[in-house]
Amino acid sequence: MTDQYPQLQLYIAGAWVDGGTGQTAAVVNPATEEILGHVPLATTGDLDRALAAAATGFPRWRDTPIVRRTAVLRDAAELLTRRADRVARVMTLEQGKPFGEARGEVLRVADALRWDAEDARRHYGRIIPSEPGTVLSVRHEPIGPVAAFTPWNFPAGSPMRKIAAALSAGCSIVLKASEETAGTAVELVRCFAEAGVPEGVLNLVFGEPAEVSAHLIASPVVRMVAFTGSVPVGKLLAVQAGREMKPTLMELGGHAPVIVAADADPVAAAQRAAFAKFVNAGQVCTSPSRFLVHHSLFDAFTDAFVAAAEAVVIGDGLQEGVTMGPLANERRLKAMDEFVGDAIARGATVRTGGHRIDRPGYFYAPTVLTGVPPAAKIMVDEPFGPLAPIVPFTDLDEALAIANSLPYGLAAYGFTNSAATAERLVTGFEAGILSINHCGGSVHEAPSGGVKESGHGKEGGPEGLEAYLITKRVSHKLAL
């Protein structure tokens, strides 16, 4: 363990503890391949203690006056803001993204917590006009203990979306965060603990993913399941929750198309799209990943995109000036080789990149591909890395058909200088997160979520609390 990396433990019933058997998994720095520390893996006994804690913590937190709940969550946000540099350094060490990206992520999630905490105070019910002597009302109450599962690509963002919404709504939570980025999760939870969140309300566990998810979801304590991750795992967890008739919130993978219309500025579009493509080394669920460019702009767009890719500064995210760090793990490197190799075998041309970088760590060159056929793996499956296939189109309806041809519908992007074309794209895209003339992702003040196999439910905005609440209809006759 380095002196910059925290001690890794489980957080159960208000106490930091080691796993019941002492089994651990190594956390590796993807920029150097050195071991940072060892994360404890929870046993079923540990999970049962976390569930019991969530069961007893829920009514206590639910019945805490919302003014007090909000104050505690604001204090947690302030602690996190003051510790942004420290938490960001931990994130860069274990996940690889540049320090500036990591720090920005920490500050955004602190703001998201403030938003959810304040918004929960305004999640009103209503009185419905009824007959004399009867009060007909609609009321919202927290659903109960939540089981949440989050991935490694946004070590602060993904856990905070679950924690902030659940705690703001008045729920307790058992969070299973990624073992690969355990340090950031520990730092987040520490802020809540020190801010005064009561014991049992927030519990953090790590462990073998399939075993932990099956055990938590099957427990009668858990009333709702929230997951961010891949489509196959999301489907598996949805089946497990369905057996228990438990509602789910699923933010799953995508394969975001970008349509550059004939009236767009090709250079400006390429620069904005390339910037978004290489954020977090392309390891973003909403990352632009299929670039459909009108044939009249194709050469100018491609040349500008290649220039932007070649200007990316690759290296350890803690070094000054680095704009793209390593991939998160060896698995992603192998996946990049498979995507590029398949595309080349099918006739694609590598305009830049297309290879690992010869240095310690999991580094892959920003890659631009042209001449990619529709059947290539990269046009069908989400690459989740710094790969950009660019293909021309002649007709906007053709481009929309290609964009909507996959079973995914998380994010989509369009570039145009025409309001009419922009509206055509907005209505034509089959996706839940849309941006025109930029490739911006999620913001905490507005809802985000996918359609089709990219999931269901929303995170962010007023809609983000709804999954964590139940709605009661009350008809009250004032006299017998």
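User: Hey, what's the strand order in the open sheet of seven strands?
Analyst: In this predicted model, the order runs β14-β15-β16-β13-β12-β18-β19, and the pairing is mixed.

User: Nice. And which ones are the edge strands?
Analyst: Those are β14, covering 349-352, and β19, covering 433-436; each of them pairs on one side only.

User: How many degrees does the twist average from one strand to the next?
Analyst: The average is 25 degrees.

User: Let's zoom in on β12 and β13. Do they run parallel or antiparallel, and how many bridges join them?
Analyst: They run parallel, and five bridges join β12 (residues 256-260) to β13 (residues 288-294). Within that pair, Pro257 stands opposite Arg290 in β13.

User: Which strands does helix α11 touch where it packs on the sheet?
Analyst: Helix α11, residues 330-345, touches β14, β15 (367-370) and β16 (387-393). Its direction makes about 30 degrees with that of β16.

User: Switching topic to Gln95: where is that one?
Analyst: Gln95 is in helix α3, which spans residues 84-95.

User: Buried or exposed, and why do you say so?
Analyst: Gln95 counts as buried because its relative accessible area is 1%, and the cut-off for buried is under 20%.

Conventions: Residues are numbered from 1 along each chain as its sequence is written. This is a predicted model: local features need pLDDT of at least 70, side-chain atom pairs count only at pLDDT 80 or more; totals for chains, interfaces and linings use all residues. Side-chain values use heavy atoms; hydrogens and water are left out. Helices (H or I, at least four residues) and strands (E, at least two) are DSSP runs, numbered from the N terminus. Buried means under 20% relative accessible area, exposed over 50%, partly exposed in between (1.4 Å probe, protein chains only). Two strands pair if DSSP finds at least two bridges between them. Axes are lines fitted to C-alpha atoms, for helices over the stretch in contact, and angles run from 0 to 180 degrees between N-to-C directions. Contact means heavy atoms within 4.5 Å.
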